[in-house]
Number of protein chains: 2
Amino acid sequence: MIPVDAIPTDDRGFTLGDGLFETLLVDDGPPQFWDEHLERLTAGCAALGLPRPDPLAVKAAADDALVGRSGRLALRITVTAGSGGRGLDRPSAPILRVIATAAPAARPSGPISLVTSNVRRNERSPTSRLKTLAYLDNILARAEVRGLGGDEALMLNTRDEVACAAAANLFWIVDRRLFTPALECGVLDGVMRRRILAAAAGLAIEAVEVRVGLAAVQTADAVFVTNSLIGVGAVASLDGRAMPSHPLVASLAAGV
Amino acid sequence: MIPVDAIPTDDRGFTLGDGLFETLLVDDGPPQFWDEHLERLTAGCAALGLPRPDPLAVKAAADDALVGRSGRLALRITVTAGSGGRGLDRPSAPILRVIATAAPAARPSGPISLVTSNVRRNERSPTSRLKTLAYLDNILARAEVRGLGGDEALMLNTRDEVACAAAANLFWIVDRRLFTPALECGVLDGVMRRRILAAAAGLAIEAVEVRVGLAAVQTADAVFVTNSLIGVGAVASLDGRAMPSHPLVASLAAGV
């Protein structure tokens, strides 16, 4: 496996966003939740009609990216449909390109100010549930709320249902029950999302995947977001209104 | 201006789809409709909050890509948000990366079989009206209809309105009036779309931008699609039903 230092200009991941990625936390040890990330990457390729990525090639690329690195790192593994094809049409037998890079990952800096964005998730596209190379909507959502003084964007879908944050899944607590938007709301099937749901089961906390509007989150007892780099991030305010802290959030974070 | 042969793995266009592109036809002469494409690229950068691309740098990249090339070519100009930033957040002063490539462009191969896709355009995102690096939805739509024997996908938006084809704008004719979906349907503001609307004005044909469902297209007198590479492409069938030809389509194509 030759590590890829640069992408050819005809790579379909670059030209058309035809690919997927995974972000894994490396924190004084092997990449966290490797099997779960590889499983999701493999399932994503299948969903997009791409060949199955070779686990050994993915592992070799990741190992190369981590050589000589230490500290808290974000390991990114990108798989693209490779080169070739004509316009939108892929070649008949695409050859995946696998790229891994590592960058320092700062520790989360405390409770999050969440602000609702005007950019909507498209729950009517299969890509809304996959970690594809198309993150421009999320970039715009994040930039919008940064301009309003927020840390992270809350995104609704085109049916006005709550979906997720720009770079994280969303959870909330009401009366010791745990809620999160159903995947059909246009939600990334997050590795940390799955682990939180599993942790809830381990703590005998009822967890419900729902299709609901913003009011359900606004009136929750507590709100938090999750991804592989921040783990569990408590939400301190939603659209400027303070959100209370809740002991269950720390319990769930400890159970992941 | 140094021509870019490869993209760094940290380019935001590659990692997150943070960028735009233009496709121009080169056919025994200079790139067609250069000013219109440059204007749209510039407007797109403004819409995304990116700096204004330097017209001289864009021209130099295009010239480099065309050195020693002849025949019918597709010239692609890609502008990305460059490298840097942290996660979704761009650096405070992004430095655009400009890449131009040229590839042979076959002549259009005749009337098109159009099939409606299940993948929806997200009219609730500003990116649906821009030619961004995120084309995965369109790739999936095209692949879906190829699997059904079609040539090109017709895409609706999440409101069930007709939007566009996977790689082209959509027009139809009813009683010598010309119809096309309004941009607010989640439609790319196509250079050829604008020229067709201008050609209609020149021919004293009433042109109407509309928000309508699929039935309006199914019952039209004729349907055609447009983009910079195919120009005007007559639609021979829609979802398996033959569509008539119409003299106005050729008149509009001649007037572009």
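In chain A, helices α2(A) and α5(A) are oblique to each other. The model is a predicted one.

**Helix packing in chain A**

- Two packed helices are described by the angle between their axes and by the distance between those axes.
- Helix α2 of chain A covers residues 34-47 and helix α5 of chain A covers residues 191-202; they pack at an angle of about 120°, and their axes are 10 Å apart.
- The crossing in which α2(A) passes α5(A) is right-handed.
- On the side of α2(A), the contact is made by E36(A), H37(A), E39(A) and R40(A), while α5(A) contributes V191(A), R194(A) and R195(A).
- By class, the residues of this contact between α2(A) and α5(A) are 1 nonpolar, 1 polar and 5 charged.

**Helix packing in chain B: α2 with α5**

- Helix α5 of chain B (residues 191-202) packs with α2(B) at an angle of about 120°, the axes being 10 Å apart.
- That angle makes α2(B) oblique to α5(B).
- A right-handed crossing takes α2(B) past α5(B).
- The residues that make the contact are E36(B), H37(B), E39(B) and R40(B) from α2(B), together with V191(B), R194(B) and R195(B) from α5(B).
- The contact of α2(B) with α5(B) comprises 5 charged residues, 1 polar and 1 nonpolar.

**Helix packing in chain B: α2 with α3**

- Helix α2 (residues 34-47) of chain B also packs with helix α3 (residues 55-66) of chain B, at an angle of about 125° and with the axes 12 Å apart.
- With this angle, α2(B) is oblique to α3(B).
- Here too a crossing is described: α2(B) passes α3(B) in a right-handed manner.
- W34(B), L38(B) and L41(B) of α2(B) meet P55(B), V58(B), K59(B) and A62(B) of α3(B).
- The contact of α2(B) with α3(B) holds 6 nonpolar residues, 1 charged residue and no polar residues.

- Most residues other than glycine have a negative phi.
- F33(A) has a positive phi, near 60°, although the residue is not glycine; F33(A) is found in the loop between β2 (19-27) and α2 of chain A.
- F33(B) likewise has a positive phi, near 55°, and is found in the loop between β2 (19-27) and α2 of chain B.

**The interface of chains A and B**

- The size of an interface is often given as the accessible area lost when the parts come together.
- Chain B and chain A bury about 3900 Å² between them, and 62% of this lies on carbon and sulfur atoms.
- Of the area that chain B buries against chain A, 20% is supplied by F14(B), L88(B) and R124(B), more than by any other three residues.
- In terms of residues, 50 of chain B are in contact with 50 of chain A.

**Salt bridges**

- Over all chains, the count comes to 40 salt bridges, and 6 salt bridges are counted between chain B and chain A.
- R124(B) forms a salt bridge with D160(A), in which the closest N and O atoms are 3.6 Å apart.
- D89(A) and R142(B) meet through their side chains in a salt bridge, at 3.1 Å from N to O.
- The latter pair joins two chains, because D89(A) lies in the loop between β3 (72-80) and β4 (97-104) of chain A and R142(B) lies in helix α4 (residues 136-147) of chain B.

Notes: Residues are numbered from 1 along each chain as its sequence is written. Chains are lettered from A and ligands numbered from 1 in the order in which they are written. This is a predicted model: local features need pLDDT of at least 70, side-chain atom pairs count only at pLDDT 80 or more; totals for chains, interfaces and linings use all residues. Side-chain values use heavy atoms; hydrogens and water are left out. Axes are lines fitted to C-alpha atoms, for helices over the stretch in contact, and angles run from 0 to 180 degrees between N-to-C directions. Helices (H or I, at least four residues) and strands (E, at least two) are DSSP runs, numbered from the N terminus. Angles under 35 degrees count as roughly parallel, over 145 as roughly antiparallel, 65 to 115 as roughly perpendicular and the rest as oblique. A crossing is left-handed if the near helix is turned anticlockwise from the far one by less than a right angle, and right-handed if clockwise. Contact means heavy atoms within 4.5 Å. Ala, Val, Leu, Ile, Met, Phe, Trp, Tyr, Cys and Pro count as nonpolar, Asp, Glu, Lys and Arg as charged, and the others, Gly among them, as polar. Buried area is the accessible area (1.4 Å probe) that two parts lose on being put together, summed over both. A salt bridge is a side-chain nitrogen of Lys or Arg within 4 Å of a carboxyl oxygen of Asp or Glu.
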